Amino acid sequence: MSIKENLHKIKNTFINPNCKLIAVSKTHPSESIQEAYDLGVRDFGENKVQELVEKAEKLPKDIRWHMIGHLQRNKVKYMAEFIYLVHGVDSLKLLKEINKQAAKVSRTINCLLQVHIAEEESKFGFDEKELLELLQGETIHELQNVKVIGLMGMATFTENEEQVEKEFEGLKNLKNKLQQMDLPENFDLQELSMGMTGDYLLAQKQDSTMVRIGTAIFGERDYN
Ligand SMILES: *Cc1c(COP(=O)(O)O)cnc(C)c1O
């Protein structure tokens with residue numbers, strides 16, 4: 001199947017047509033991104049800074065680049081000038097570094113806080129208690145060059161759909177709970193980034209506003 005057919009097929013299954021599709025292009029060549037771009041896609045997700053920067057240099061400037069993976073603090077500076085949204089902010093230290101680099105290039109960078117919703121130990125992210133500490137602390141108010149526009153989560157890698165949906169529901173409920181609170185001025189929780197190739201419909205059932213889909217668009221990844 002072609003990228004065109006894949007995109008059609010995915011869009012036709014969307015429960016919520018307003019949910020934003022982030023085309024996860026990691027490991028795929030710029031030609032594939034250009035092909036999707038020519039079909040109207042403008043949001044692309046990458047998880048390695050170097051790869052992201054190289055692709056951004058040669059591809060159209062109106063692409064909205066999403067950093068979706070675990071981000072090392074020493075790499076933030078390479079993408080501060082152009083990154084559209086950082087999905088996986090998993091520590092206050094990282095948020096501070098993004099703020100610092102954003103200030104240097106006179107930008108405000110949009111971020112999503114990654115919340116640990118999966119059973120697996122290995123997944124990055126805040127738990128609810130850590131998130132509340134961040135919200136109620138002093139430091140967050142100093143970070144005027146970042147804007148937290150939502151939450152991001154990754155469900156457990158399992159066939160058990162009930163469990164996956166429950167994890168997504170938990171993230172939705174957490175967002176709704178936070179929205180009821182008196183949030184710092186650099187918070188505007190609109191987005192819920194959840195759902196990938198294997199679970200994006202379950203995520204949309206739980207009000208995901210952004211799905212990050214790679215394999216179903218571009219095919220299997222070859223990591224060699
Ligand atoms: C690779 C990746 C995706 C896309 O995964 P697919 O299963 O190929 O759709 C989504 N989110 C993150 C954080 C990823 O690293």
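**Entry 1: the ligand**

I began with Arg212, whose side chain has a polar atom 2.9 Å from a nitrogen atom of the ligand. I counted this as a polar contact, that is, a pair of N or O atoms within 3.5 Å. Lys26 came next: an N or O atom of its side chain is 2.6 Å from an oxygen atom of the ligand. For Thr215, I found a polar side-chain atom 2.5 Å from an oxygen atom of the ligand. I then looked up the ligand's area, which is 390 Å² when the ligand is taken alone, and the protein buries 89% of it. Such areas come from the Shrake-Rupley method with a 1.4 Å probe.

**Entry 2: basis of the model**

I note that the model is predicted, that local features need pLDDT of at least 70 and side-chain atom pairs pLDDT 80 or more, and that totals for chains, interfaces and linings use all residues. Residues are numbered from 1 along each chain as its sequence is written, and side-chain values use heavy atoms, without hydrogens or water.

**Entry 3: the surroundings of the ligand**

Which residues surround the ligand? I listed Val24, Lys26, Ile68, Met152, Met154, Met196, Thr197, Arg212, Ile213, Gly214, Thr215 and Arg221; a residue is near the ligand if one of its heavy atoms lies within 4 Å of it. By class, I recorded six nonpolar, three polar and three charged residues in this shell. In this scheme Ala, Val, Leu, Ile, Met, Phe, Trp, Tyr, Cys and Pro are nonpolar, Asp, Glu, Lys and Arg are charged, and the others, including Gly, are polar.

**Entry 4: Ser193**

I found Ser193 in strand S7, residues 187–193; strands are DSSP runs (E, at least two residues) and helices are too (H or I, at least four), both numbered from the N terminus. Ser193 counts as buried because its relative accessibility is 0%; buried means under 20%, exposed over 50% and partly exposed in between (1.4 Å probe, protein chains only). Ser193 and Met152 are 41 residues apart along the chain, yet their C-alpha atoms are separated by 4.5 Å.

**Entry 5: positive phi values**

Most residues other than glycine have a negative phi. I therefore looked up Ser106, which counts as exposed at 69% relative accessibility, and whose phi is positive, near 50 degrees. Ser106 lies in the loop between helix H5 (92–104) and strand S5 (109–115). Asp207, not a glycine, has a positive phi of about 70 degrees. I placed Asp207 in the loop between helix H8 (200–205) and strand S8 (210–213). Is Asp207 buried, exposed or partly exposed? Asp207 counts as partly exposed, because its relative accessibility is 45%.

Terms used. A polar contact is a pair of N or O atoms within 3.5 Å; within protein, one must be able to donate a hydrogen and the other to accept it, and residues adjacent in sequence count only if both atoms are side-chain atoms.
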